Amino acid sequence: MRSIGEMARASGLGVSTLRFYDGAGVFGPARVDPRTGYRWYAPEQLADARLIARLRRVGMPLAGIAQVLGGGPGEARAVLDAHLRRLEDGLADARRELSTVRSLLETREHPMTETRPTRLTLPAAGLAAALEAVRFAVHPDAGALPAVAGVLFDGTDGGVLRLVATDRYRLAVSEVRPAATEGPAADVIAPTAFVDGLRALLAAADGAVELTVEGTALTAVLDGRTVRGERVDLDYPDYRPMLRTSPTHRVELSAGALRAGIGAAPVRTARRDQDGADFDVAELAVTADGTLAADGSAEGALRVQVNRDFLLEAVAAGAGGQLVLELGGPVAPLAIRFPERAGTFSLLMPVAP
């Protein structure tokens, strides 16, 4: 048997780290001396300890480490593959940010250089659908949080314009593919007034709309009609890490079934600490066999509580009959996805039980 200090030296994990994993129920000693409280580890535990050390080096979260240690080979491989995708996405984000930093440095070094405008030609119906899918999540108070009182038009992923909205309690994302793009990649916050004017312009419209970003000016032209606005000159919150979720349950169901389940559930009211606002809570329960109880009535292996109105608005924004709900735990965001629209989804922050 190895003492905790000997296990630390042999595995590369610190003594405090071993104590942490023991307290978290992820990796504990084979025996604890009842008199002294000393931890003792069996020889066969060294392999798992060294595995934990390697997973820590690549930033594997605690839940992932627990799944790798406790799951079968197939589950472990799935967890490793998902973490590798998150790391690759994070590297892509870093490359985009550094590219933006280089552009900013060039502008600072050559301030008289004229910036080319960005022009996007977009399908009117596709842009209208994308705006409807995110508009509900815009923060209502430009004075309090101006950076999120509008919609982010993010074209830095290349080939796709991503629309993002958040009020810090939920996040809505949708995508539309431009038919043509000129100039540098768009990455601007469109204020709510411009967004709503653009929605009115696109209502029941066919054809293509031309969206132009030139300096601080935003312009949208469709069928000879024009909407103008001024971009919000602030940095949007870094939303990309929120997109890399690690769900433990994926449940597909119809929007109607979810609404019916929520409507039949008892109503519990909660108060938000941030602003003192009262709201109704919806509880979702997932049983061990993956069945969802939208009224929270089942004895679930996993439960999550979210703002009821936010959930219903997210479902309505998808404008589809089928949904996929992704749940990662009671303190993880709930994802609402739409099989027919891969780039459109919402994330809702959980409510404390």
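This is a predicted model: local features need pLDDT of at least 70, side-chain atom pairs count only at pLDDT 80 or more; totals for chains, interfaces and linings use all residues.

I started at Glu-283, which is partly exposed, with a relative accessible area of 23%. The partner of Glu-283 is Arg-303: the two form a salt bridge, with 2.7 Å between the closest N and O atoms. I checked where they sit, and the pair links distant parts of the chain, with Glu-283 in strand 15 (residues 278–286) and Arg-303 in strand 17 (residues 302–307), 20 residues apart. Arg-303 comes out as partly exposed too, at 27% relative accessible area.

**Next pair: Glu-326 and Arg-337.** I found a salt bridge between these side chains at 3.0 Å, N to O. Glu-326 belongs to strand 18 (residues 322–327) and Arg-337 to strand 19 (residues 334–338), so this contact ties together parts that are eleven residues apart in sequence. Buried or exposed, I wondered, for Glu-326 and Arg-337? Both are buried, and the cut-off for that is under 20% relative accessible area.

Which residues join Asp-196 and Arg-199 in a network? I got Glu-132 and Arg-135, tied in through salt bridges that share partners. For the whole structure my tally is twelve salt bridges.

**Surface patches.** I then looked for charge on the surface and found a negative patch where Glu-97, Asp-187, Asp-233, Asp-235 and Asp-238 gather. Glu-97 is in helix 5 (residues 73–109). Helix 5 also holds Leu-87, which is partly exposed at 40% relative accessible area. Leu-87 is part of a nonpolar surface patch with Val-58 and Leu-84, and together they have about 240 Å² of accessible area.

Which loop holds Arg-168? I placed Arg-168 between strand 6 (161–166) and strand 7 (170–176). Its phi is positive, about 80 degrees, although Arg-168 is not a glycine. Asp-223 is another non-glycine with a positive phi, near 55 degrees. I located Asp-223 in the loop between strand 11 (217–222) and strand 12 (225–230). Asp-223 counts as exposed, with a relative accessibility of 61%.

**Whole chain and record.** I counted ten helices and 20 strands in the protein chain. The C-alpha trace spans about 85 × 60 × 40 Å along its principal axes. Of the 353 residues, 41% are buried. In the model, I get 54% helix and 10% strand over residues 1–71, with the end C-alpha atoms 25 Å apart.

Notes: Residues are numbered from 1 along each chain as its sequence is written. Side-chain values use heavy atoms; hydrogens and water are left out. Patches are made of residues with over 30% relative accessible area and no salt bridge: like charges are joined within 9 Å, nonpolar side chains (Val, Leu, Ile, Met, Phe, Trp, Tyr) within 5 Å. Accessible areas come from the Shrake-Rupley method with a 1.4 Å probe; for residues, only the protein chains shown count as cover. A salt bridge is a side-chain nitrogen of Lys or Arg within 4 Å of a carboxyl oxygen of Asp or Glu. Lys and Arg count as positive and Asp and Glu as negative; His and the chain ends are not counted. The place of a charge is taken as NZ of Lys, CZ of Arg, CG of Asp or CD of Glu. Helices (H or I, at least four residues) and strands (E, at least two) are DSSP runs, numbered from the N terminus. Buried means under 20% relative accessible area, exposed over 50%, partly exposed in between (1.4 Å probe, protein chains only).
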